[in-house]
Amino acid sequence: MPHIAAAGHSLEYEWIDGGEPTLVFLHEGLGSIRQWRDFPLRVAQATGRRALVYNRYGYGASDALAEKRVGMRFMHDEALHALPGLLGGLGVANPILVGHSDGASIALIYAGAGHPARALALMAPHVFVEDVCIRSIEKAKREFEATDLPQRLAKYHRDARRTFYLWNDAWLDPAFRDWNIEEYLPGIRCPLLAIQGEDDEYGTMAQLDAIGAKAGGPCRLLKLPACGHSPHRDQPQAVLEALTEFVNEHRG
């Protein structure tokens with residue numbers, strides 16, 4: 001896949017052909033281009049839109065993390081520096097951002113800081129830290145150290161161990177308990193769709209309710225039963241239908 005320099009790092013990306021506006025997919029905390037599977041393609045085909053899928057710094061075949069660890073503003077760094085650099089370098093203006101988990105939080109910071117976005121479609125976004133999230137991340141650490149999770153992640157990431165601890169160390173840092181991005185919500189003026197599963201092991205509906213109460217523009221919330229932290233995998237048809245309707249409403 002091709003690479004582009006953004007915020008001092010080489011980032012891997014992939015295009016899916018279609019019309020404007022461009023859908024930009026922002027993966028979860030342990031995700032990558034390939035871990036989206038065929039979801040970006042299905043959304044692009046259903047909406048007729050072009051799609052950009054990329055690996056953040058430290059993920060996939062993008063540059064491996066050089067630092068010992070990232071700071072608690074790692075999502076801010078992505079939203080305020082790397083993402084604008086990537087979009088500018090590839091000539092993408094006023095995109096529709098489709099984010100999952102950490103990727104959804106990055107989209108909120110990006111739009112809330114005033115960067116141009118036509119709309120945001122978010123799955124399992126985080127706007128503050130909850131105990132349930134920390135417990136699940138602690139469980140993930142135990143699984144990484146006691147199961148074949150490192151080998152499974154190595155199929156997708158240049159340095160799976162660095163990728164895992166980039167995410168895990170940041171979230172489990174005691175200082176990260178104070179992480180909160182609600183201040184960005186009033187600055188989001190574009191339409192927003194936020195989706196979360198009722199069985200999400202990384203967050204409660206307090207996340208969606210905060211977004212609905214504080215977002216500065218039109219906001220639609222979709223709460224899905226029988227659905228965990230990955231709505232596009234747990235309820236693929238419901239999510240595809242909701243995204244297709246939302247994108248078609250706001251494609252300009």
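In this report, a residue is buried when its relative accessible area is under 20%, exposed when over 50%, and partly exposed in between (1.4 Å probe, protein chains only). The model is predicted, so local features need pLDDT of at least 70 and side-chain atom pairs count only at pLDDT 80 or more, while totals for chains, interfaces and linings use all residues. Residues are numbered from 1 along each chain as its sequence is written, and side-chain values use heavy atoms, with hydrogens and water left out. Helices (H or I, at least four residues) and strands (E, at least two) are DSSP runs, numbered from the N terminus.

**Backbone geometry**

Most residues other than glycine have a negative phi, and most peptide bonds are trans.

A cis peptide bond, with omega near 0°, runs from E20 to P21. P21 belongs to strand β3 (residues 19-26).

**Helix α6**

Helix α6 covers residues 160-172, 13 residues in total, and spans 18 Å from its first C-alpha to its last. That is close to the 18 Å expected at 1.5 Å a residue, where the expected span is 1.5 Å times one less than the number of residues. Among the buried residues of α6 are F164, Y165, W167 and W171. The buried residues of this helix pack against α2 (74-90), α3 (102-112), α4 (131-146) and α5 (149-153).

A cavity is a set of points on a 1 Å grid over the protein atoms alone where a 1.4 Å probe fits but cannot get out; lining residues have an atom within 4 Å of a point. Searching the whole structure gives 1 cavity of 30 Å³ or more. The largest cavity holds about 40 Å³ of space, a volume being the space filled by probe spheres set on the grid points. Its lining consists of H27, E28, G31, S32, Q35, W36, H100, H232 and R233.

Q35, one of these lining residues, lies in the loop between β3 and α1 (39-47). With a relative accessible area of 16%, Q35 is buried. The side chains of Q35 and S32 are joined by a polar contact of 2.8 Å; such a contact is a pair of N or O atoms within 3.5 Å, one able to donate a hydrogen and the other to accept it within protein, and residues adjacent in sequence count only if both atoms are side-chain atoms. Apart from its neighbours within four places in sequence, Q35 is in contact with L30, L153, Y156, H157 and R233, contact meaning heavy atoms within 4.5 Å.

Note on methods: On a 1 Å grid over the protein atoms alone, a cavity is a set of points where a 1.4 Å probe fits but cannot get out, and a pocket is an open set with protein on both sides within 12 Å along at least five of seven lines; lining residues have an atom within 4 Å of a point.
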